[in-house]
Amino acid sequence: MATYAKPLSRPKPHTEEHEDPREMLMHDPLPRGKMNEMVMESMHETSWKFWGVTGFLVFVVLTCLVYAWYRLIMDGLGIAGVNRPVFWGIFLVDVVFWIGISHAGTFISAILRVLKVESRRPFTRAAELMTTFGLVQAGFSVFMHMGRVWLAYWMAPIPNERMIWPNFHSPLMWDFMAISTYLLCSTMYLFLPLIPDMAMARDRTQEGWLKTFYKILALGFRGTEGEWKNLTTAMNLFAFAIIPVMFSVHTIVSWDFAMASRPGWASTVFGPYFVIGALHSGMAAVAIVLFLLRSTMKHYKYFIRPEHFNTIGMLMFLVSMAWAYFYLNDYIVPWYGGNKWDKIVQEFAEKGPLAPLWYIMLFCNIVVPWAVLWNKKWRSTPWLLAITGFFINIGMWLERYIIIPEGLTINRMPFTWRLYFPGVEVALTIGMFALFFLLYMLASRIIPLIPVWEVQEGQESHMLRKIGKAEIPTLSDLE
Amino acid sequence: MSQSITLLAVFEGMEPAAEGIEKLHDLGLNDDEMNVISGIPVKGSILGRPSAITYVSRIGMFGAILGMSFGIFLIYGIPYLYPLLVGGQPIFPVPQGLIITFEMTMLGLMGFAFIGMFVDSGFPSYTPKEYVSEISDGKIAVLFSCPDNDQKKFVDVLIKSGAQSVAPAEARQL
């Protein structure tokens, strides 16, 4: 009996279907000294444009953040738009948004490290830095929301003559504990893999304050067997331990709302829904930051390549589908249940005066990512992925706006219904965005944003093996 | 009795370094008489060396226990000092206790692992050390002690096995 196979209907030439693995960073190694040189050069060579943008951001921070906060402190919360029934305005929207942004650093660095996803190597630090700076902004938003910020220490469990103690029954107190833990741990986690790169920078800086800076932060690291063992053990421990902390933080943030028996807020799905939302905005922010770094920093095109955007794009696609799934869960159960107040809240979002925000949110969070990210070529295109990330972040900010101030507009006492019009919060939000970018830009000049030793370690582990006619990338476990 | 001298051999990559270490073993040096300094972490078995010992995990676990104790104190100790009645909830609530205890446990675990890494590695240390800056450029260095009289023999063997340089190690300010 004759055996035959069905021929390919439209066979492609080999060149079309075969990607050259040498286009991948791990298979395109350079000597370590050369990579060190490239990273140091990218930090120290700055153009007038950089300082121009820095100057502009400093101006925005001084006017929109420093001066506006000063006015808020001097005049009181009355100059903000918060009033009955919306006492949680944009400040709280910003808190949730920035904590969401901060989740991406840990997600990319810790989860991808645990899962040994190799393409994470060049951009883990850029993402981790977002975590720290994002949490700083979230902290600022909380302090602004407090109004009398100088009394913030009342939240700390310290003995005092007033006998006022923190109430650990309150989700806000859990939130304080969780965010503090996350900020401390993620800062330590940022610092650990930075030590060898600080030592590299120390060795390559001759004199001046930068030499002292690197010398202090390198801690005397040389790279002995014991030092590496301690460092990698600590990094592995952090990678595993910080993941549940990350999940706990945004779950607890969601409980700030879900624990209140308000229509639209009291939802059992809020915990995972918020975590996915955080990852949605965080991953998108990583795409934007990587695009900006690649476009503006010298030599970064070698380190950050389309393959990395492809990895992030795939994660963004997956997370956007998960977000849609959780959103549907959060939407359909109250809708089907037919509770009067839930129905009013949903109709207010869909048909009320702020309905455009609801439709823009769905467009930005679902339509845009799904339209772009399914295609490998598109999601590997840096500028396109960055634009998609920009849309997602607009959508996610609006989602928090719809949940918090818009959700507070409608309650069980119709005589108190009132639309929220933000005041000084708008300036403060602009100021915080400017501060985030300013901190990031300044950090990019003194901190090696590419973990060179991790890149080299990855390149040592990878090799190409010829199987048949093709060269197949292979990975050895050197860790 | 002859005095010993500390030498620093620099190798281009892992293969010659592994061979050099093997030669040092053949010349009678024990593992605790040498140390490898590298720009990336290298598994002990790759270089034919035992794995380094670390106490970071144990210190971290100790921190986790301390953190958990502190969390329990916060959630159950503070209501003793200042009882707060929240509608329908006990003064010593278990669910809230789990949250605070979890956060403090993780903070203790990671905080102490971080400190443990410092303590176990002797960080920070700004005293002069045997080091060459080529190590952070990807070279691998082997630091070892040998009898002063045998210095030439050790140097020759290491150069033959691929060392780029073998020289008396000088402690220098990093």
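Modeller: A residue is buried if 20 or more other C-beta atoms, placed from the backbone, lie within 10 Å of its own, exposed if 12 or fewer do, and partly exposed in between. Residues are numbered from 1 along each chain as its sequence is written, with chains lettered from A and ligands numbered from 1 in the order in which they are written. This is a predicted model, in which local features need pLDDT of at least 70 and side-chain atom pairs count only at pLDDT 80 or more, while totals for chains, interfaces and linings use all residues.

Biologist: What makes S2(B) a mostly covered strand?

Modeller: Five of its five residues are buried. On one side these are B:Met34, B:Val36 and B:Ser38, and on the other B:Asn35 and B:Ile37. In a regular strand the side chains alternate between the two faces of the sheet. Both faces of S2(B) are therefore covered, by the burial cut-off. The element itself is a DSSP run (helices are H or I, at least four residues; strands are E, at least two; both are numbered from the N terminus).

Biologist: How do you know that S2(B) pairs with strand S4 (residues 140-147) of chain B?

Modeller: Two strands pair if DSSP finds at least two bridges between them. Here five bridges join S2(B) to S4(B), so the pair qualifies. The two run antiparallel, and B:Ser38 stands opposite B:Ile140.

Biologist: What makes A:Lys116 exposed or buried?

Modeller: A:Lys116 has 11 C-beta neighbours inside 10 Å, so the residue counts as exposed. A:Lys116 is in the loop between H4 and helix H5 (124-146) of chain A. Phi there is near 55°, a positive value in a residue other than glycine.

Biologist: And what class does A:His299 fall in?

Modeller: With 17 other C-beta atoms within 10 Å, A:His299 is partly exposed. Phi of A:His299 is near 70°, also positive, and the residue sits in the loop between helix H10 (270-296) and H11 of chain A. A:Ile111, in helix H4 of chain A, has 18 such neighbours and is therefore partly exposed.

Biologist: Which peptide bonds are cis?

Modeller: One joins A:Arg84 and A:Pro85, with omega about 5°. That proline lies in the loop between helix H3 (48-75) and helix H4 (90-114) of chain A. Another joins B:Phe123 and B:Pro124, with omega about -15°, and B:Pro124 lies in the loop between H3 and strand S3 (129-130) of chain B. Most residues other than glycine have a negative phi, and most peptide bonds are trans.

Biologist: Why is helix H19 (residues 452-461) of chain A called mostly covered?

Modeller: Seven of its 10 residues are buried. They include A:Val452, A:Trp453 and A:Glu454. The buried residues of H19(A) pack against helix H2 (32-44), helix H7 (194-204), helix H11 (300-303) and strand S1 (462-467) of chain A.

Biologist: What makes a set of residues a nonpolar core?

Modeller: The set consists of buried Ala, Val, Leu, Ile, Met, Phe, Trp, Tyr and Cys residues joined through C-beta atoms within 7 Å. The largest here has 171 residues, and A:Val286 and B:Ala113 touch the most other members. Contact uses a cut-off of C-beta atoms, placed from the backbone, within 7 Å. Leaving aside neighbours within four places in sequence, A:Val286 is in contact with A:Ala104, A:Ile108, A:Ala127, A:Met130 and A:Ile312.

Biologist: How many residues meet between the chains?

Modeller: Chain B gives 50 residues and chain A gives 49. On the chain B side, H3(B) supplies the largest share, 15 residues. By class, that side has 30 nonpolar, 15 polar and five charged residues. Ala, Val, Leu, Ile, Met, Phe, Trp, Tyr, Cys and Pro count as nonpolar, Asp, Glu, Lys and Arg as charged, and the others, Gly among them, as polar.

Biologist: How do you know that chain A agrees with a compact globule?

Modeller: The radius of gyration is taken over C-alpha atoms, and the globule rule is 2.2 Å times the number of residues to the power 0.38. For 479 residues the rule gives a value near 23 Å; chain A has 25 Å, which agrees. Of those residues, 44% count as buried.

Biologist: What confidence does the predictor give?

Modeller: The complex has an ipTM of 0.95 and a pTM of 0.91.

Terms used
Contact = placed C-beta atoms within 7 Å.
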